Amino acid sequence: MDTLKIILSFIMGTILAVLIMNLIEDIVPNEGIAQLFLALAIFGVSIFLVITIVDSLFKDSKKKNDEQKEKPVDQSQLKNKDDLKSLCVTDYNLVTSVFYEFCFDSYYSNVILDSQEISYHLRQIMNEYNTQKDAVSLILFSRKAKSKGIIIKVNDSVHQQHNSFKFTLKAERITLNNPNNYLEVLSNDFGESTEDNLPMSVATRYIIHFENDQPVFIYVVVKTFLLNSFTLRKVNANGSSSNMGRLQNDDLQTITKFLNNKLNKSK
């Protein structure tokens, strides 16, 4: 870089000196040592002046580059860039696929439905449910997610984030046809994206059906993007599932009405 500055300064200084000499040629002695000294002085001053200017320009440029490197990247300013889009899609796919896997995971289905496998601590949480942080579905999903490198906060806040993907997880209990017959519903807002390379369907709600404080069924609401449809599936202890029917939407009111009708018909 220093060599480049010297070369540029010498060339530009020489040009500047020639221009100055041409401008003052009428008042400069035509011969003698005075002309030589004046020419050398003008050349020297021109070189020094150009070096000073060039050096200042290089320093300003370097300072701006250093400041740009040190400045933290504002993710909000990169939302339209291809690299951030790619990152969002990757994070979206990971979180949605892990939640889907959890919904039909034979291990967790067995833990919930097989009373022999449920620990005393987990049973106490089921019986003493007060707020979202006590939701069995949220606790178990956080364990599944952790094994995949996703940290899910088990508290009363619905807001979650994995890298660039922000989403919500909300757990709540909803009474069915009597106080001893209720649902624990873990809902997400993964929603729908227009980006490419996205899954064809996602699980939007994970539902544990309780009777007399005992988990008896697991249901999952699956949204298929291509058909824009919702399906309620019943999950067995071994992870297999069966189709219970299509839903108009995945609203909790729609789900509870659907299940209440099923319960009334089975009596």
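Tyrosine 92 is buried, and phenylalanine 165 is buried too. This is a predicted model.

**Aromatic pairs**
- The count of aromatic pairs comes to 14.
- Tyrosine 92 and phenylalanine 165 form an edge-to-face pair, with 5.2 Å centre to centre and 65 degrees between the planes.
- Tyrosine 92 belongs to helix H3 (residues 82–103) and phenylalanine 165 to strand E2 (residues 165–178), so their pair ties together parts 73 residues apart in sequence.
- Ring pairs link a cluster made up of Tyr92, Phe99, Phe102, Tyr107, Tyr108, Phe141, Phe165, Phe167, Phe190 and Tyr206.

**Phenylalanine 190**
- Phenylalanine 190 sits in the loop between strand E3 (181–188) and strand E4 (201–211).
- Its relative accessible area is 5%, so phenylalanine 190 counts as buried, the cut-off being under 20%.
- Beyond neighbours within four places in sequence, phenylalanine 190 contacts Tyr92, Val95, Thr96, Phe99, Phe165, Phe167 and Ala203.
- The C-alpha atoms of phenylalanine 190 and threonine 96 are separated by 7.1 Å, although these residues are 94 residues apart along the chain.

**Charge over a ring**
- Arginine 173 places its charged end over the ring of phenylalanine 210, 4.7 Å from the ring centre.

**Nonpolar surface**
- Met200, Leu226 and Leu227 make a nonpolar surface patch of about 390 Å².
- Leucine 226 lies in the loop between strand E5 (214–224) and strand E6 (229–235).
- Leucine 226 has 69% relative accessibility and therefore counts as exposed, the cut-off being over 50%.

Terms used
Residues are numbered from 1 along each chain as its sequence is written. This is a predicted model: local features need pLDDT of at least 70, side-chain atom pairs count only at pLDDT 80 or more; totals for chains, interfaces and linings use all residues. Side-chain values use heavy atoms; hydrogens and water are left out. Rings of Phe, Tyr and Trp (its six-membered ring) pair if their centres lie within 6.5 Å; planes under 30 degrees apart count as stacked, over 60 as edge-to-face and the rest as tilted. Helices (H or I, at least four residues) and strands (E, at least two) are DSSP runs, numbered from the N terminus. Buried means under 20% relative accessible area, exposed over 50%, partly exposed in between (1.4 Å probe, protein chains only). A charge sits over a ring if NZ of Lys or CZ of Arg is within 6 Å of the ring centre and within 35 degrees of the ring normal. Patches are made of residues with over 30% relative accessible area and no salt bridge: like charges are joined within 9 Å, nonpolar side chains (Val, Leu, Ile, Met, Phe, Trp, Tyr) within 5 Å. Accessible areas come from the Shrake-Rupley method with a 1.4 Å probe; for residues, only the protein chains shown count as cover. A salt bridge is a side-chain nitrogen of Lys or Arg within 4 Å of a carboxyl oxygen of Asp or Glu. Contact means heavy atoms within 4.5 Å.
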